[in-house]
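The sequence and the structure come first.

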Amino acid sequence: MNRLLIRDGRIVDPGQGLDGNYDVLIEDGRIVEVALRGTLGNVAEAQVIDATGRWVTPGLIDPHVHLRDPGFPEKETIESGLRAAAAGGFTTVAAMANTSPVNDSPEITRYMLEAARRVGAARLIPVSAVSKGLLGREPVNYDEMAAAGARLFSDDGMPVDDEPLLLGAYDHMKRIGFAISLHEEERELSSAGAINEGATAMALGLGGIPVRAESARVSRDLALAIGNGAPVHIAHVSTAESIEVIRAARKSGAEVTCEVTPHHFTLHDSAVMRFGADAKMNPPLRGIEDVNALEAALADATIDMIATDHAPHDPGSKNAALLKGCFPCDPVARDCRLASTQAHAMTAAANGVIGLETALGLALSLVHRSVITPSRMVELMALNPARLLRLTQAGTLARGAMADLTIIDPELRWTVESAKLFSKGRNTPFAGMTLKGKATMTVVGGEIVYQAQQESK
Ligand SMILES: [Zn+2]
């Protein structure tokens, strides 16, 4: 029998209403008991982990990552992505369908699950495409995809423009019980833009993406969801207007959840001046009022969960060579307006930033600033994502649940070093930043899949 005893940690498990000092006993991959410290009997032969001064939480779950596998091994693989996830404290990640080939067939879903099993780090939940080839025309076979192991449906990267296709997907979701995750974008409004519409775009001479490009589509899709009963999830919400629309739709009876990324609640669009294409993503970083609204919505539970939208890219896709020397630029010190070839390079640069290894540190900054409590953070990063993915045995440390746990040192100060990341991606605006708090151990199914270096001495 494989026994693990985690001793003297602060258990933060909002699913059971627990926040206090307890011991956790694990046997053969399951939680056996959480008990007041020192009161557990029957702990002979258990491997003991001392969690004094640490938080012990249900394993973190990320409902939105891009692992680029199959298709783009220069950006990421299932192996490197799942090791990055484990190092960031994640025990489960939902991998989006915009791979090559697209995950629109049971064969690709099964390939992803099999590859993840071989890695033995974080677990992978395949996200099925909504439309074949992400082309927005013909639906996938929802039943077949669910039977193969998909637990979420999304054309992420692309909006579902076609209303009949979307309504058909809603009806199927209602029937099979899984959620659809929507990338909300009116491309007629966004396609000329590179970054958020505003002063930064003006100063750089780049096209702007208005907040309405997102909120107008959220409005349409949630109007269609009211009274429908389909579980609808809004991916990477970035604007105050979208938050308002979601609040109103929820009041009117839409079954809607939503997520925000750490980069959207941490940075505003002026960060593009410092980090260039490493601060370019879709939806873009927004203005300060939007960032403040996201923070308030994290605190008041309008936002249900944090998702990284981990999107690794190679330097070539970010047009790194063409943009050399453009950033950082201080608009007070000099004219930052890009020459036209550089503006084109910036506009054409791939969207996205990596996030698996920095998400927890950035979420903890909300805790350290008393925006949210530790318990609320675990709701956002474990309990609610588990519910979205219909994982009844995860997101909690209840007796009988899968033994997926994250041990966190909330006070540990560490500096993000690109060269030390497990991800193949180096596209992050947080390189060089010092964060407070980190996962020191990640346990999946009772096995230690990550241990921070200072822990293994
Ligand atoms: Zn997206």
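In this predicted model, Thr 358 touches Val 416, Phe 430 and Leu 435, leaving aside residues up to four places away in sequence. The loop between α12 (340–348) and α13 (359–368) holds Thr 358. Thr 358 counts as buried because its relative accessibility is 7%, and buried means under 20%.

**Domains**

The chain is divided into domain 1, made of 3–56 + 401–415 + 434–455, and domain 2, which covers 60–388. Between the C-alpha centres of domain 1 and domain 2 the distance is 30 Å. The contact between them involves 24 residues of domain 1 and 26 residues of domain 2.

In general, nonpolar side chains of soluble globular proteins tend to be buried together. Here the largest nonpolar core has 79 residues, and the members that touch the most others are Leu 82, Ile 180, Leu 222, Ile 234, Met 377 and Met 381. Both domain 1 and domain 2 contribute at least three residues to this core. Another core, of 31 residues, lies apart from it and includes Leu 267, Ala 271, Leu 323 and Val 353.

Which residues does Leu 82 touch, not counting residues up to four places away in sequence? They are Leu 67, Val 93, Ala 116, Val 119, Ala 121, Ala 122, Arg 123 and Leu 124.

Asp 156 and His 236 link distant parts of the chain, being 80 residues apart. Asp 156 is in the loop between β9 (152–153) and α4 (163–176), while His 236 is in the loop between β13 (232–234) and α8 (240–251).

Are Asp 156 and His 236 buried or exposed? Asp 156 counts as buried because its relative accessibility is 4%. His 236 is likewise buried, with a relative accessible area of 2%.

**Packing of α8**

Two packed helices are described by the angle between their axes and the distance between the axes. For α8 and α11 (residues 288–299), the angle is about 35° and the axes are 8 Å apart. On the α8 side the contact is made by Ala 240, Ile 243 and Arg 247, and on the α11 side by Asp 290, Ala 293, Leu 294 and Ala 297. By class, this contact of α8 with α11 has 5 nonpolar, no polar and 2 charged residues.

**Backbone details**

| Item | Feature | Value |
|---|---|---|
| Asp 69 to Pro 70 | cis peptide bond | omega about 10° |
| Phe 327 to Pro 328 | cis peptide bond | omega near 0° |
| Arg 68 | positive phi | phi near 65° |
| His 236 | positive phi | phi near 25° |

Pro 70 lies in the loop between β6 (60–65) and α1 (78–87), and Arg 68 is also placed in the loop between β6 and α1. Arg 68 is buried, its relative accessible area being 9%. Pro 328 is found in the loop between β15 (305–306) and α12.

Note on methods:
Residues numbered from 1 in each chain as written. Predicted model: local features only at pLDDT ≥ 70, side-chain atom pairs only at ≥ 80, totals over all residues. Heavy atoms only, no water. Core = buried A, V, L, I, M, F, W, Y, C linked by side-chain atoms within 4.5 Å. Buried < 20%, exposed > 50% of the residue type's maximum accessible area, 1.4 Å probe, protein only. Domains from an automatic or database assignment. Contact = heavy atoms within 4.5 Å. Helix = DSSP H or I, 4+ residues; strand = E, 2+ residues; numbered from the N terminus. Axes fitted to C-alpha atoms, helices over the stretch in contact; angles between N-to-C directions. Nonpolar A, V, L, I, M, F, W, Y, C, P; charged D, E, K, R; others polar.
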